[in-house]
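Please keep the sequence and the coordinates at hand while reading.

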Amino acid sequence: MATPTLEQGIDIGDLDSVVLMKIPPTFSRYIQKVGRAGRRGKESGVFLIIGDDPISNYYAAHPDEFYRSTPEPAYLDPENPEVMKRQIVSMVYDQPLSSNEEEKLNREIKSSEKVISNLLKEGYIERTRRNALTTTRDGVALHQSTKLRGTGEDIRIYTMENKYIGDRGLPMATRELHPEAIYLHGGTQYRVMDFNPRRAIVEQLPYRSKYFTLARYHSDMEEFEPELKRSAFKAEIAYGAGTIRHIVDGYYQKDKTTQQTVAENDLEETIIFDFPTKIINFNLPLRMSWNPTQRGSASHAAEHILISAAVTLTGADQAEMGGISYPDGSIVIYDGAYGGSGLTRLLYDRMEKDFKRGAEMLATCKCGREDGCPKCTYSPYCGNNNKYLWKNGALEILKQILRGKKTKVEAKPVGKSTV
Ligand SMILES: [Zn+2]
Ligand SMILES: [Zn+2]
């Protein structure tokens, strides 16, 4: 089995076959995993067991496309202000930055000037008498709290006995560590007893639960400042920085084997979390004759399939990108990482392909169901349990875009969002 443990330096020279339980999110990760077999020149085999999801279904219909892929380009956003903020503080902590070096930095990375001026204002860095930049006491603290793995804030997880067991990054933590959630950590199941934006308290389950929990949530685009605009076919697409709000107000209890929902519960207190990130925004052409439910369900299904298609186009993991749909046809796709990861920037240039592949993925699935199925419209990250989806409505919308229907980005989405 190609488990993650095998990445940790076990001698893999003798392996002669690799079994993959699902399609890895990127082709690079596929190569990394299958490359473990046949190291010593012996005959070897790879078994890829595909799942019941839109991405597996797409590649089952187009195996050539998968096997002829090349490793995806790595994505990063050198202008990510959250990353830059911490990088600059750490750089200045390491050695004060002279004014010459500061000028050079500002020439090379255009947004660094703004980040430096904010850091001065926020008191993380200060100027010396010789006009070099150095860290303040708060700056040293920020440097020491900077991790190698991510930029955003973390939730610290403790047991009832006050034993620290690990961290989980925000915003994902709001969906996984809400009160009553079943949380899997290091192979052990815990129940979350308490949660606040800094820490979660968990209790180990005395039995193996046959259920798992899924947060009921929705998101909203709170702020958006378009920096780039272009047309894909004739649909106007905007890209820029903004704020996404996550609102978790309940959860579904689901059976692990059948995936059926056995209960739906409200949270005593709604969890609201805002975070800055990078965003793509555009509007779908909805039919005037559709009723409000049809409009919302078609947009919702289109948003799901566009994210599934984007995963195959950017090499992202599905959890690394989020989507929001509005009944007015407005669609928001954002980087799941705090401050943005550069993924949506990559997708912005590939939106034609995204519309095309999304339409193809819907047309390929022969489920014949009104709402679609796990092989086409469903998403494992849906905040409302894959309700209100309309497959043919979504296909109709995407076909309209491919045919060159004109749409414009609206100033602000209208109506209740679905994720
Ligand atoms: Zn289907
Ligand atoms: Zn959804």
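A residue is called buried under 20% relative accessible area, exposed over 50%, and partly exposed in between, with a 1.4 Å probe and protein chains only. By this rule Tyr30 counts as buried, because its relative accessibility is 7%. The model is predicted: local features need pLDDT of at least 70 and side-chain atom pairs count only at pLDDT 80 or more, whereas totals for chains, interfaces and linings use all residues. Residues are numbered from 1 along each chain as its sequence is written, chains are lettered from A and ligands numbered from 1 in the order in which they are written, and side-chain values use heavy atoms, with hydrogens and water left out.

Aromatic contacts come next. Rings of Phe, Tyr and Trp (its six-membered ring) pair if their centres lie within 6.5 Å; planes under 30 degrees apart count as stacked, over 60 as edge-to-face and the rest as tilted. The structure holds 13 such aromatic pairs. Helices here are DSSP runs (H or I, at least four residues), numbered from the N terminus. Both Tyr30 and Phe66 are buried.

Tyr30 also forms an edge-to-face pair with Tyr67, at 6.2 Å centre to centre and with 70° between the planes. Since Tyr30 lies in helix α1 and Tyr67 in helix α3, this contact ties together parts 37 residues apart in sequence. Tyr67 counts as partly exposed, because its relative accessibility is 48%. Phe27, Tyr30, Tyr58, Tyr59, Phe66 and Tyr67 form one aromatic cluster.

Rings also take part in contacts with charged groups. A charge sits over a ring if NZ of Lys or CZ of Arg is within 6 Å of the ring centre and within 35 degrees of the ring normal. The charged end of Arg156 sits over the ring of Tyr164, 4.2 Å from its centre; that of Arg199 sits over the ring of Tyr158, 4.2 Å from its centre.

Finally, consider the zinc ion (ligand 1). Its protein donors (N, O and S atoms within 2.8 Å of the metal) are the SG atoms of Cys365, Cys367, Cys373 and Cys376, lying 2.3 to 2.4 Å from the ion. The site is tetrahedral, with angles of 98 to 115° among its four donor atoms, where the term requires all angles to lie between 85 and 135 degrees.

How values were computed
Helix = DSSP H or I, 4+ residues; strand = E, 2+ residues; numbered from the N terminus. Donors = N, O, S within 2.8 Å, 3.2 Å for Na, K, Ca; no water. Tetrahedral: all angles 85-135°; square planar, octahedral: opposite > 155°, others 65-115°.
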